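Please read them beside the sequence and the coordinates.

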Amino acid sequence: MDWVRSSGAWATRARRSPGHERSTVLMIGKSTLAATLAWWVGHDLMHATSAAFAPFSAVLIMNATIYRSVWQALRYTAAVAAGVAVQGALKFLIGSELFAFPLVAVIALAIGQWAALGEQRTQVATAAFFAFSTYTTASTTGDQAAQLGQIVLLVLIGCVLGLIVNLGIAPPLRYRSAEQGIQVLGHEVATLLDDMAEGLREGDVRAERTQAWILAGERAQRSVAQARTGLSMAEDSLPLNPRRLLPAHRGYLTFGRYRQVLVSMERSVFQLASLNRSLDQWQETESTYSYTPVLQAYADFLAALRDIAQVLSALDTDTLTDQAAEASTLAGTAQERLQDVLKAARTAGLPLADPSRPYGVLVVEATRLMEEFQYTCDALQTTATG
């Protein structure tokens, strides 16, 4: 019953709004259509012995972007052609006896190491093995050659039909994946900063708490990698895609605006990791000095940075100008909170110059963190007006 309920909820999300669920449903539908057409051509029209190559090829090259689908088709066709060529050459040289199979495997697997074939490298051996099987069942040399040629033809038919379906039915234009990656990253950073601000306001820098912050920082670093993947997919969705020519999409096709923001956010995440390591060492190096006023000011500073991250977590191309202005205003507030940290440190007479005490390091970390967030806000402002 749980599976039924979750499936129903998944289907509802796919129906009501764009997103991962709807994209998945669309890709399944397009793959099914392409595979059916390829099977009909290979089995019903051509009466091919290895008709399954056509639908398999159609599904294999169906990708999230037209650009990647084309590359997959070229690499897959090249891999299959290489595998078939290996079998064909060895057949004419030494026949199709059992001792020929190891040679086919060795040569095909060696060719499969060619980096230019990308993730389709394993298909060289697969095609060679299927070709070997086809060769051994054919009765005459002419039939054997025809069967090998038919395999390559079926692959070409499947790839072409897959590309036609992917291009002709809602070709994917994933410009939103760029901002979605930044949204997820912004949410991770905002959650981390919120918890850090709460902990410092309470004076809670126990090892358990700081270790949790370090783990949260590692999750944010993984989100950086995911955001880069989303940005790459958004950029790859443009070439060869006719939808980019429609007026409704022309305002979303420049992704340099997000790359600059992502680079600055990545540095902010790195700086947060450094800050968390310093806080984790706090209780190990300092147990006698009164630092409550500084922690309070630090908490307010981190809360101000959290507000900036929350703006990024809701990043939207349609409202980018307003969000950039809001982030700039919040950056000004964060700069004021940073000055409060410095003032609290001076008032408390903290030994900032003593390398054996944690205070100087924490103040330096706060300054660097502010620089990265300020740069992020400046980058966002530049992309909004650029």
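1. Disulfides. A disulfide is taken here as a pair of cysteine sulfur atoms within 2.5 Å. By this rule the count is zero disulfides. In general terms, a disulfide is a covalent bond between the sulfur atoms of two cysteines. Cys159 is buried at 4% relative accessibility, and Cys377 is buried at 1%.

2. Basis of the values. This is a predicted model, in which local features need pLDDT of at least 70 and side-chain atom pairs count only at pLDDT 80 or more, while totals for chains, interfaces and linings use all residues. Residues are numbered from 1 along each chain as its sequence is written, and side-chain values use heavy atoms, with hydrogens and water left out.

3. Overall make-up. The protein chain has 14 helices and zero strands; helices (H or I, at least four residues) and strands (E, at least two) are DSSP runs, numbered from the N terminus. Read from the N terminus, the order of elements is α-α-α-α-α-α-α-α-α-α-α-α-α-α. Of the chain's 386 residues, 47% count as buried.

4. Salt bridges around Arg209. The structure holds nine salt bridges, a salt bridge being a side-chain nitrogen of Lys or Arg within 4 Å of a carboxyl oxygen of Asp or Glu. One of them joins the side chains of Arg209 and Asp195, at 3.1 Å from N to O. Arg209 belongs to helix α9 (residues 207-236) and Asp195 to helix α8 (residues 176-201), so this pair ties together parts that are 14 residues apart in sequence. Arg209 also forms a salt bridge with Glu202, with 3.7 Å between the closest N and O atoms. What is the accessibility of each of the three residues? Arg209 is buried, with a relative accessible area of 14%; Asp195 is partly exposed at 27%; Glu202 is exposed at 52%.

5. A salt bridge within one helix. Asp340 and Arg337 form a salt bridge whose closest N and O atoms are 3.0 Å apart. Both residues are in helix α13 (residues 320-347), and because they are three residues apart there, about one helical turn separates them. Asp340 is partly exposed, with a relative accessible area of 33%, and Arg337 is partly exposed at 24%. Elsewhere, salt bridges that share partners join Asp194, Arg306 and Asp307 into one network.

6. Aromatic rings. A pair of aromatic rings is described by the distance of the centres and the angle of the planes. Rings of Phe, Tyr and Trp (its six-membered ring) pair if their centres lie within 6.5 Å; planes under 30 degrees apart count as stacked, over 60 as edge-to-face, and the rest as tilted. How many aromatic pairs does the structure hold? It holds one. The pair is Tyr298 and Phe301, edge-to-face, at 6.2 Å centre to centre with 85 degrees between the planes. The two residues are three apart in helix α12 (residues 292-313), which means a separation of about one helical turn. Tyr298 is buried at 3% relative accessibility, as is Phe301 at 0%.

7. Charge over a ring. A charge sits over a ring if NZ of Lys or CZ of Arg is within 6 Å of the ring centre and within 35 degrees of the ring normal. Arg267 lies over the face of Tyr375, at 4.7 Å from the ring centre.

8. A positive phi. Most residues other than glycine have a negative phi. His47 has a phi near 50 degrees, a positive value in a residue other than glycine. His47 lies in the loop between α2 and α3 (53-60), and is exposed, with a relative accessible area of 62%.

9. Val160 and Ser57 are 103 residues apart in sequence, and their C-alpha atoms are 9.1 Å apart in space. Val160 lies in helix α7 (residues 141-168) and is partly exposed, with a relative accessible area of 44%.

Key:
Buried means under 20% relative accessible area, exposed over 50%, partly exposed in between (1.4 Å probe, protein chains only).
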